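Below is a briefing on a protein chain, meant to be read alongside its sequence and coordinates. Please look over the model before going through the points by topic.

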Amino acid sequence: MTALFEPFTLRDVTIPNRVWMPPMCQYSAAPEGLDTGAPHDWHFAHYAARAAGGTGLIIVEATAVSPEGRISPYDLGIWNDTQVEAFRRITRFLAAQGTVPAIQLAHAGRKASTDRPWKGGAPVGPDAYGWDSVAPSPLAFDEKHPAPAELTVDQIKDIVGQFVAAARRALAAGFEIAEIHGAHGYLINEFLSPYSNHRTDDYGGSYENRVRFALEVVDAVREVWPDGKPLFFRISATDWLEDGGWTADDTVRFAAELRAHGVDLLDVSSGGNASGARIPTGPGYQVPFAARVKAETTLPVAAVGLITDAEQAEKILANGEADAVLLGRELLRNPSWARHAARELGGEVRVPDQYHRSV
């Protein structure tokens with residue numbers, strides 16, 4: 001059997017293969033009304049197609065733990081029971097195809113309240129369903145974003161509680177795995193990095209203080225997330241800054257702590273916190289960060305970043321650089337990538353009965 005199509009078990013959950021779909025926002029939820037933040041037909045069709053295509057694990061896009069935690073007014077959320085019911089339609093279908101349904105729980109922090117990318121992605125105000133953003137420090141993401149309000153300690157505690165409530169709802173919605181979003185310059189990443197965290201209290205300054213909020217969220221979510229279900233954490237392994245930012249060394253150190261706090265896998269990405277950072281992209285450009293965490297800690301890792309073809313993905317796993325691969329844009333282009341890769345490599349993947357005549 002090829003490495004790409006070996007099952008992978010974490011706690012009591014077995015994922016049928018190592019072809020996984022990372023969270024990718026669709027910016028397609030309604031911006032107002034009772035169903036604000038709830039998935040609709042687009043989301044169902046989008047995720048259902050990738051499940052029918054053989055993807056082993058699908059992590060539903062960044063799903064906000066509060067209305068203010070959305071990246072845009074059109075993002076998904078899981079702060080009310082209407083959203084829970086809408087998600088059940090998706091999780092039921094994914095599970096029926098043999099795909100493990102996962103969800104990323106998120107808070108956008110200072111990068112909140114922006115328009116959809118195809119509309120320019122600029123910050124929006126109340127006239128376009130926008131709101132005021134919050135962050136560890138009152139530092140704007142870039143010259144286009146307004147300065148966020150600095151969170152008080154009480155507000156920080158409230159957001160920890162929002163992650164807990166969201167995890168409970170995710171469980172009720174049928175998700176088997178929860179991922180905490182600590183990457184791409186959103187709220188948890190903002191606390192981790194000295195570039196965006198200039199606080200002088202217990203949540204800023206030293207490394208130990210800057211990771212405090214993230215670990216509080218992890219501990220609180222792990223307490224309500226069942227022991228038999230895995231918990232992931234997504235991280236930006238580096239801010240891609242020469243100095244003054246979060247580094248790969250920090251990531252390795254933090255990965256070991258996450259392991260001790262009950263995290264089962266690190267989803268390793270990079271960047272997103274410093275608007276002017278220069279990122280040298282190329283095929284598999286983020287894989288070395290995942291490989292280093294895997295080599296230097298006991299925490300399983302998933303690699304992401306311009307992984308596009310079957311042989312490339314197989315090599316990453318066979319070389320021991322990661323335990324799974326996450327294909328983003330490639331799965332947008334080809335919902336059946338897993339089935340095509342299995343045919344190319346000689347692996348096995350579940351094919352829906354309805355498709356057997358065309359395989």
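Tyr27 has a relative accessibility of 13%, so it counts as buried (under 20% relative accessible area; exposed is over 50% and partly exposed in between, with a 1.4 Å probe and protein chains only). The model is predicted: local features need pLDDT of at least 70 and side-chain atom pairs count only at pLDDT 80 or more, while totals for chains, interfaces and linings use all residues. Residues are numbered from 1 along each chain as its sequence is written, and side-chain values use heavy atoms, with hydrogens and water left out.

**Backbone angles in loops**

- Tyr27 is not a glycine, yet its phi is positive, about 50°.
- The loop that holds Tyr27 runs between strand 3 (19-21) and helix 1 (41-52); helices (H or I, at least four residues) and strands (E, at least two) are DSSP runs numbered from the N terminus.
- His184, also a residue other than glycine, has a positive phi near 60°.
- His184 sits in the loop between strand 8 and helix 4 (187-192).

- Strand 8 (residues 177-182) has 6 of its 6 residues buried, so it is largely enclosed by the rest of the structure.
- Side chains in a regular strand alternate between the two faces of the sheet.
- In strand 8, Ile177, Glu179 and His181 point one way, Ala178, Ile180 and Gly182 point the other way, and all are buried.
- Strand 5 (residues 100-106) runs parallel to strand 8 and is joined to it by 4 bridges; strands pair if DSSP finds at least two bridges between them.
- Strand 9 (residues 231-236) also pairs with strand 8 in the parallel sense, over 5 bridges.
- Ile180 is the bridge partner of Leu105 and stands opposite Phe233 in strand 9.

**Whole chain**

- The protein chain contains 11 helices and 12 strands.
- Its radius of gyration is 19 Å, close to the 21 Å from the globule rule for 359 residues, so the chain is as compact as a globular protein of that length; the radius is taken over C-alpha atoms, and the rule is 2.2 Å times the number of residues to the power 0.38.
- The C-alpha trace spans about 60 × 45 × 40 Å along its principal axes.
- Of the 359 residues, 60% count as buried.
- Among contacts (heavy atoms within 4.5 Å) with a separation of 6 or more, 71% are between residues 24 or more positions apart.
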